Each structure stands twice: as structure tokens, then as C-alpha cells.
Amino acid sequence: MDVLDLRAVPHIALASGESIPSIGMGTFGSDKYGPQPVADAVAGAVRFGYRLFDCASVYGNEDLIGKVFEEAFAAKAVRREELFITSKVWNDMHGPEKVHASINKTLQDLRLSYVDAYFVHWPFPNYHAPGCEGDARNPDSVPFSLDRFMIAWEQMEAIYDRGLARHLGMSNMTIPKLETVLPRCRIKPCLIEMEQHPSFQQQALFDYCKAKGITVIGYCPIGSPNRPERDKAPGDVVDTGLPEVAAAAKAHGIHPALVCLKWAVQRGSIPIPFSVHEENYQSNLRSVTEDPLTPDEMEQLKKAERNCRLVKGQVFLWPGAQGWEDLWDMDGNITQ
Ligand SMILES: NC(=O)c1ccc[n+]([C@@H]2O[C@H](COP(=O)([O-])OP(=O)(O)OC[C@H]3O[C@@H](n4cnc5c(N)ncnc54)[C@H](OP(=O)(O)O)[C@@H]3O)[C@@H](O)[C@H]2O)c1
């Protein structure tokens with residue numbers, strides 16, 4: 001079996017002083033792949049040399065992934081402390097005591113005594129049925145509320161205090177929400193997860209996080225070509241088809257997906273590409289260990305920005321909201 005020289009994988013220093021691999025593997029099957037193929041891919045990825053895994057309770061596969069981790073530890077394929085495993089509390093578990101219940105279930109499923117980072121998946125307690133259509137709406141949905149968010153975050157802090165999560169994170173945040181939330185946090189997030197790919201670089205939010213000492217994990221790093229139908233809209237850009245990406249791919253003789261990953265890592269964020277296909281997930285990890293993009297190619301890739309958000313999140317909209325833009329505070333204020 002092909003195994004990578006792990007020393008070649010770059011790492012990033014977190015504000016905590018700990019180190020995190022500069023690339024990981026996503027585990028959301030996009031409503032396309034069931035839990036077993038994803039767990040099998042995690043098993044293959046551990047063997048190949050992945051050390052960072054992005055999990056979440058809502059992905060519906062933590063129990064099978066936990067079995068994979070347990071077997072890998074038992075077989076001495078890897079030690080627990082060599083892995084950086086993240087998970088996230090889903091939107092229906094923000095209420096009093098619920099975040100505690102959520103991490104307990106996740107730890108039980110993942111067969112771990114702690115996760116390396118625990119995230120608030122979305123800043124709203126709004127949720128949708130698994131596999132729902134893009135026009136599905138939950139009438140109980142509400143706009144962002146600082147006080148409501150803090151009910152969840154204070155439980156996150158208690159989870160950190162108890163050593164059940166070694167770092168805390170937030171996901172799908174905006175600068176206005178972070179400006180409101182960060183002063184209220186006793187324990188600040190060490191990581192922020194956000195959508196990031198060449199056509200949606202989120203430069204302002206990325207720079208904001210960097211200035212605050214928060215490390216960025218970028219989701220949909222290849223532009224999520226197999227994302228659920230509810231996340232597809234007319235006019236969405238295909239990152240791997242962008243001329244700036246294609247030019248670099250041609251120059252390096254590689255698939256455009258790998259250009260997206262090299263770009264992310266060289267820019268300083270942590271991509272978490274997903275694939276159940278061995279050839280793809282192996283080449284994804286290998287790509288960041290060799291043949292970097294040139295400074296000129298990195299400069300050219302800045303021009304790939306098309307402001308193309310793929311995960312618009314419209315299924316989380318509340319009654320009275322105008323459109324998916326309301327989730328993202330486009331005018332610099334938190335939309336109510
Ligand atoms: N925090 C959040 O709210 C949030 C939201 C979305 C996603 N995420 C996380 O981010 C992860 C990644 O996002 P994603 O899965 O949506 O998008 P992605 O990683 O950008 O795209 C995944 C798709 O790209 C294809 N692919 C992967 N490697 C390839 C390669 N080397 N060559 C060609 N095609 C390749 C895969 O197809 P094949 O399967 O055919 O190989 C897969 O379907 C998720 O798994 C999840 O962990 C988090």
C-alpha cells in the first residue's frame with residue numbers, strides 16, 4: 001500500500017501553541033455517499049497518512065468512523081495523539097444542556113475521550129430535515145441572537161474546561177457576528193471553518209481571522225462538485241473549470257482540483273477535501289507535499305475570485321427573511 005512521507009505534510013501553529021496539519025479530510029457524504037463508504041475512505045486515509053479529519057454529528061457517520069479510529073489505534077497504525085479530530089454541534093442542539101448531550105453522543109460514537117476541536121456548526125438554532133429540498137423551510141427558524149448563541153457557547157466553554165474538546169471553533173460566521181460574539185467569549189475560538197475555494201476566497205473574513213490569531217479551515221475547497229442538489233443554483237461557478245485554475249493545472253500537469261488545494265495551503269488556510277476514491281484522496285494529500293505553485297501563479301489565482309458562495313444556507317432562513325443573503329450580513333450589519 002502506498003504511504004506518504006508524513007514529514008512532508010506542512011503544519012500550522014495554532015494560537016494554543018499546538019500544531020495542526022495544513023490539510024485534512026472532510027467526511028460529509030453530500031447525501032450521495034452513505035456512512036460505510038465514507039468510513040472506508042477514512043480508514044484508507046489514516047493508512048495513507050491523513051492526520052486531520054473533519055467530522056460532524058449531522059453527517060450521520062460518526063459511529064462508523066469511530067469504529068475505524070478504534071481499529072486503527074488497536075492495530076497501532078496510528079496513535080490517538082497523532083490525529084487531529086474535529087466535530088460539530090448541530091443546529092438543533094444549541095439549547096440549555098443540549099451541547100453537553102451532543103458532545104457526549106459524538107464522543108461515544110467516535111469512541112474517543114476527547115475531540116481536538118469542537119465547533120458550533122452554524123450560528124443559528126435552525127435546522128432542516130436530512131436530505132431536504134432547497135426550498136424547504138422550517139417555520140421555527142429564527143434570526144441570529146447573541147444571547148441565544150451564548151447559551152450554546154458557554155456550554156462549549158464548559159466542555160473545553162472539562163477537557164472534552166482541546167480547542168473550540170465556530171463555523172459559517174461573518175465579521176459582524178464575530179465582532180459581536182468575540183468580546184463575550186471567555187474562551188475564544190481557535191479555529192473558524194468557512195467556505196473557501198478560488199472562486200470564493202472570503203479575503204476580508206480570512207484576514208480578520210488571521211488578525212485575531214484564529215486559524216481558518218476552508219470547506220468545499222475544490223468547489224464541492226458533488227454537493228447536494230439543494231446547494232446548486234443557476235450561475236454557480238465550477239472552480240476546476242476557471243481559466244486561472246486550469247492554466248496552473250496545465251503548467252504543473254495536474255488535475256485542477258489539486259491546484260485548488262495547493263492554493264489553499266500556500267495561502268495559509270486548511271482545506272478539508274472530501275473523496276471516497278482512493279486515487280483522489282491520496283493525490284489530494286500528496287499534492288501539498290510537492291511541486292508548489294509559483295508566486296506568480298498564486299497572484300494569478302487571486303483573479304479567480306467570482307464571489308460565488310456555494311453553500312448559501314437558504315434552508316436555514318426564518319419566516320420574513322428576504323433571501324439567503326440575510327444569513328451572511330452582506331451590508332455589514334447582522335440581519336434581523
Ligand atoms: N462547516 C460546514 O458548514 C461545512 C459545509 C460543507 C462542507 N464541510 C466540510 O468540508 C468537506 C469538504 O467539502 P465538500 O465535500 O462539500 O467539497 P469538496 O471537498 O470541495 O469537493 C468534494 C468533491 O470533489 C471531488 N474530488 C475530491 N478530490 C478530487 C480530485 N483529486 N480530483 C477530482 N475530484 C476530486 C470528490 O469527488 P469524488 O467523490 O468523485 O472523488 C468530491 O465529491 C466536507 O466533507 C465537510 O467535512 C463543512
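The dialogue below treats the sheet, the helix contacts and the ligand shell in turn.

Me: What should I know about the model and its numbering?

Reply: This is a predicted model, in which local features need pLDDT of at least 70 and side-chain atom pairs count only at pLDDT 80 or more, while totals for chains, interfaces and linings use all residues. Residues are numbered from 1 along each chain as its sequence is written.

Me: What is the strand order of the open sheet?

Reply: Helices (H or I, at least four residues) and strands (E, at least two) are DSSP runs, numbered from the N terminus. Two strands pair if DSSP finds at least two bridges between them. Here the open sheet has eight strands in the order 3-4-5-6-7-8-9-10, and the pairing is parallel. Strand 3 (25-26) and strand 10 (270-271) are the edge strands, each pairing on one side only.

Me: How many bridges join strand 8 to strand 9?

Reply: Five bridges link strand 8 (residues 191-195) with strand 9 (residues 215-219), and the two run parallel. Within this pair, Ile192 has Val216 of strand 9 as its bridge partner.

Me: At what angle do helix 1 and helix 2 cross?

Reply: Axes are lines fitted to C-alpha atoms, for helices over the stretch in contact, and angles run from 0 to 180 degrees between N-to-C directions. Angles under 35 degrees count as roughly parallel, over 145 as roughly antiparallel, 65 to 115 as roughly perpendicular and the rest as oblique. The axes of helix 1 (residues 35-48) and helix 2 (residues 62-74) come within 8 Å and cross at roughly 25°. Helix 1 is therefore roughly parallel to helix 2.

Me: Which residues of helix 1 and helix 2 meet?

Reply: Two residues are in contact if their C-beta atoms, placed from the backbone, lie within 7 Å. From helix 1, Pro35, Gln36, Ala39, Val42, Ala43 and Val46 meet Leu64, Ile65, Lys67, Val68 and Ala72 of helix 2. By class, the contact of helix 1 with helix 2 has nine nonpolar residues, one polar and one charged. Ala, Val, Leu, Ile, Met, Phe, Trp, Tyr, Cys and Pro count as nonpolar, Asp, Glu, Lys and Arg as charged, and the others, Gly among them, as polar.

Me: How does helix 1 pack with helix 9?

Reply: Their axes lie 10 Å apart, at an angle of about 40°. Helix 1 is therefore oblique to helix 9. Ala41, Gly44, Ala45 and Phe48 of helix 1 make the contact with Glu278, Tyr281, Gln282 and Leu285 of helix 9.

Me: What is the angle between helix 7 and helix 8?

Reply: The axes of helix 7 (residues 243-252) and helix 8 cross at roughly 100° and come within 8 Å. The two helices are therefore roughly perpendicular to each other. Val245, Ala246, Ala248 and Ala249 in helix 7 meet Pro256, Val259 and Cys260 in helix 8. This contact has seven nonpolar residues, no polar and no charged.

Me: Which residues come nearest to the ligand?

Reply: A residue is near a molecule if its C-beta atom, placed from the backbone, lies within 6 Å of it. Of the 31 residues around the ligand, the nearest are Gly26, Tyr219, Ile222, Ser224 and Phe274. Helix 8 (256-267) and helix 9 (278-287) are the elements that give two or more residues to the shell. Helix 9 gives the most, with three residues. By class, the shell has 13 nonpolar, 15 polar and three charged residues.
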